Amino acid sequence: MTTVHDSDAFVRFAKVHLPTNAERAIYPVLAGAPDRDWTAGEVAAAAKVSHHEADQALRRFASAGIVDHTHARGHGHYYRWHPDMGYLREGADDGAAIDPVCGMPVPPGTPHTAREGDTEIRFCSLPCLVRWTSSQRRRPSASR
């Protein structure tokens, strides 16, 4: 397993988006082996957390787009670091846009974008895009 680069973006992402100790323990395990498929039990052992904590964190990571999730019939669930999150490992945040929700750097080419008029807004992760979209729907219409 490779050592994860302690880039500013990597550390800040963990502080901003990972509220539990288990999530912060699991995050570098997955990022440190981005091409490996993990079971929840393997992640739990590597991160030194309970199987339950690993399972909960991995489900949250999958719904947030931090990991890819597959199910192999008869073999269980597998998780793999999502390639779109690679910028966190490399620390490539030079010249990046800033996410309007959390203040994280957003790399060029992010798949997490929205439009506001003619402006493209870029986000560091799917949770920030969802939070922004949700807040836009709740905002009073300018035509009222």
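**Close-up views of a predicted model**

**View 1. Asp 55, a buried residue of helix H4.** With a relative accessible area of 17%, Asp 55 is buried (buried means under 20% relative accessible area, exposed over 50%, and partly exposed in between, with a 1.4 Å probe and protein chains only). Asp 55 is found in helix H4; helices (H or I, at least four residues) and strands (E, at least two) are DSSP runs numbered from the N terminus. Not counting residues up to four places away in sequence, Asp 55 touches Ala 40 and Tyr 79, where contact means heavy atoms within 4.5 Å. The model is predicted, so local features need pLDDT of at least 70 and side-chain atom pairs count only at pLDDT 80 or more, while totals for chains, interfaces and linings use all residues. Residues are numbered from 1 along each chain as its sequence is written, and side-chain values use heavy atoms, with hydrogens and water left out.

**View 2. The whole protein.** The protein has six helices and six strands. From the N terminus on, its elements run α-α-α-α-β-β-α-β-β-β-β-α. Of its 144 residues, 40% are buried. Among contacts with a separation of 6 or more, 45% are between residues 24 or more positions apart.

**View 3. The crossing of H3 and H4.** Two packed helices are described by the angle between their axes and the distance between the axes. The axes of H3 and H4 come within 8 Å and cross at roughly 115 degrees; axes are lines fitted to C-alpha atoms, for helices over the stretch in contact, and angles run from 0 to 180 degrees between N-to-C directions. H3 and H4 are therefore roughly perpendicular to each other (angles under 35 degrees count as roughly parallel, over 145 as roughly antiparallel, 65 to 115 as roughly perpendicular and the rest as oblique). Ala 40, Gly 41, Val 43 and Ala 44 in H3 meet His 51, Ala 54, Asp 55 and Leu 58 in H4.

**View 4. The buried face of H3.** Ala 40, Val 43, Ala 44 and Ala 47 are the buried residues in H3. Seen down the helix axis, the buried residues of H3 fall within an arc of 100 degrees, so they line one face; the arc is that of the directions from the helix axis to the C-beta atoms. An α-helix has 3.6 residues a turn, so residues three or four places apart point the same way. The cover over the buried residues of H3 includes H2 and H4.

**View 5. Lys 48, after H3.** Lys 48 follows H3 and has its place in the loop between H3 and H4. Its phi is near 60 degrees, a positive value in a residue other than glycine. Most residues other than glycine have a negative phi. At 75% relative accessibility, Lys 48 counts as exposed.

**View 6. Phe 61 and the largest nonpolar core.** A nonpolar core is a set of buried Ala, Val, Leu, Ile, Met, Phe, Trp, Tyr and Cys residues joined through side-chain atoms within 4.5 Å. The largest such core has 37 residues, of which Ile 26, Tyr 27, Leu 30, Phe 61 and Ile 66 touch the most other members. H2 gives the most to this core, with six residues. Not counting residues up to four places away in sequence, Phe 61 touches Leu 18, Glu 23, Ile 26, Tyr 27, Leu 30, Ile 66 and Val 67.
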